[in-house]
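Please look over the model shown here. The report below takes its fold first, then its hairpins, a helix, some backbone angles and a pocket.

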Amino acid sequence: MPTRCGSSWPIGQESHDARAIAGGEDSLSAHEIKTISSREVYRNKWTRVREDVIERANGERGIYGVVDKDPACIIIPLEATADGDFIYLVEQYRYTIRARCMELPQGGWERPDVDPEEMARGELREETGLIAARMTLLTTLRIGYGVLNQQQSVYLAEGLTQGPHQRDAEECDLEVRRVSVCEFEAMLLDGRIVDNCTAAAWGIYRLWRDRRP
């Protein structure tokens, strides 16, 4: 049976220490924050923002701003060659930080009921033109869950072939970069890549790869 690193309790089984850190066994199923009321304050094609009146476990009330977004995906396009392994990145201008950034292909379809693999294949082809023979779901993460409730499926894309891209109007400035895995990891460490989703996805891939038989 698989075990957690440095521990003897099985994956998926709660440990006594985990319950203690969470504040006791009862707290695992209890809602620490109760919603008193909720109202939508903003909406566009991609995002919905609401403001909730909440009551904390100690009885104090306050407000909580929540950003609602439909599921998304991030893709690791990995190409194995005789010269080594390569990663495909996309570079685009990110208005919020007023800078061009490099990151793994990622995005969503603004639909709550989307099939994750279909979306991942679609986003990969849309942004890069790449078609993957194999897609492996590595995990599903939450993005910035202190304020955002979006989930992000992490896919490894292999067996890549090049086709035409199908970019949206918002992606008119997008450029594709092919870099070696060695260079990609250097970029994560020296600040050339600052996207936390890209860093998290690659960390998950490395853990998954190192634990394969």
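## Overall fold

Helices here are DSSP runs of H or I with at least four residues, strands are E runs of at least two, and both are numbered from the N terminus. The model is predicted. On that definition, the protein has four helices and 10 strands. Along the sequence they follow the pattern α-β-β-β-β-β-β-β-α-β-β-β-α-α.

The protein has 213 residues, and 33% of them are buried. Buried means under 20% relative accessible area.

## Two hairpins

Strand 1 covers residues 33-43, and strand 2 covers residues 48-56. The two pair antiparallel over nine bridges. Four residues link them in a hairpin. Arg43 faces Arg48 of strand 2 across the pair.

Strand 2 also pairs with strand 3, residues 61-68. This pairing is antiparallel too, with eight bridges. Arg50 has Val66 of strand 3 as its bridge partner. Again there is a hairpin, with four residues between strand 2 and strand 3. Gly59 sits in that turn and has a positive phi of about 90 degrees.

Which residues of helix 3 are buried? Helix 3 spans residues 181-190, and Val181, Phe184 and Met187 are buried there. These residues lie on the same side of helix 3, because they cover an arc of only 115 degrees around the axis. An α-helix has 3.6 residues a turn, so residues three or four places apart point the same way. Cys182 and Leu189 are on the other side of helix 3, and they are exposed.

What do the buried residues of helix 3 pack against? Their partners are strand 4 (72-81), strand 5, strand 6, strand 10 (175-180) and helix 4. After helix 3 comes Gly191, with a positive phi near 95 degrees.

Gly84 belongs to strand 5. Its relative accessibility is 25%, so Gly84 counts as partly exposed. The C-alpha atoms of Gly84 and Cys182 are separated by 9.2 Å. Along the chain, Gly84 and Cys182 are 98 residues apart.

Most residues other than glycine have a negative phi, and most peptide bonds are trans. Arg98 is not a glycine, yet its phi is positive, about 55 degrees. Arg98 lies in the loop between strand 5 and strand 6. Is Arg98 buried or exposed? Arg98 counts as exposed, because its relative accessibility is 54%.

Glu110 is not a glycine either, and its phi is positive at about 55 degrees. Glu110 is placed in the loop between strand 7 and helix 2. Its relative accessibility is 32%, so Glu110 counts as partly exposed. Which residues does Glu110 touch, leaving aside neighbours within four places in sequence? They are Lys45, Trp46 and Asp70. Glu110 and Lys45 are 65 residues apart along the chain, but their C-alpha atoms are separated by 7.4 Å.

## The largest pocket

Rolling a probe the size of a water molecule over the atoms shows where empty space is left. In this model, the largest pocket holds about 1,300 Å³ of space. Its lining comprises 35 residues. Which of them lie nearest the centre of the pocket? They are Trp46, Lys69, Arg94, Gln106 and Gly107. Trp46 is also one of the contacts of Glu110.

Several elements each supply at least two residues of the lining. The strands are strand 5 (84-94), strand 6 (99-103) and strand 7 (106-108). The helices are helix 2 (116-128) and helix 4 (196-210). By type, the lining divides into 12 nonpolar, 10 polar and 13 charged residues. Strand 5, strand 6 and helix 4 supply this lining, and the buried residues of helix 3 pack against those elements as well.

Methods
Residues numbered from 1 in each chain as written. Predicted model: local features only at pLDDT ≥ 70, side-chain atom pairs only at ≥ 80, totals over all residues. Heavy atoms only, no water. 1 Å grid on protein atoms, 1.4 Å probe; cavity = no way out; pocket = protein on both sides within 12 Å on 5 of 7 lines; lining within 4 Å. Points joined across faces, edges and corners; volume = space filled by probe spheres on them. Nonpolar A, V, L, I, M, F, W, Y, C, P; charged D, E, K, R; others polar. Pairing = 2+ DSSP bridges. Buried < 20%, exposed > 50% of the residue type's maximum accessible area, 1.4 Å probe, protein only. Arc of directions from axis to C-beta. Contact = heavy atoms within 4.5 Å.
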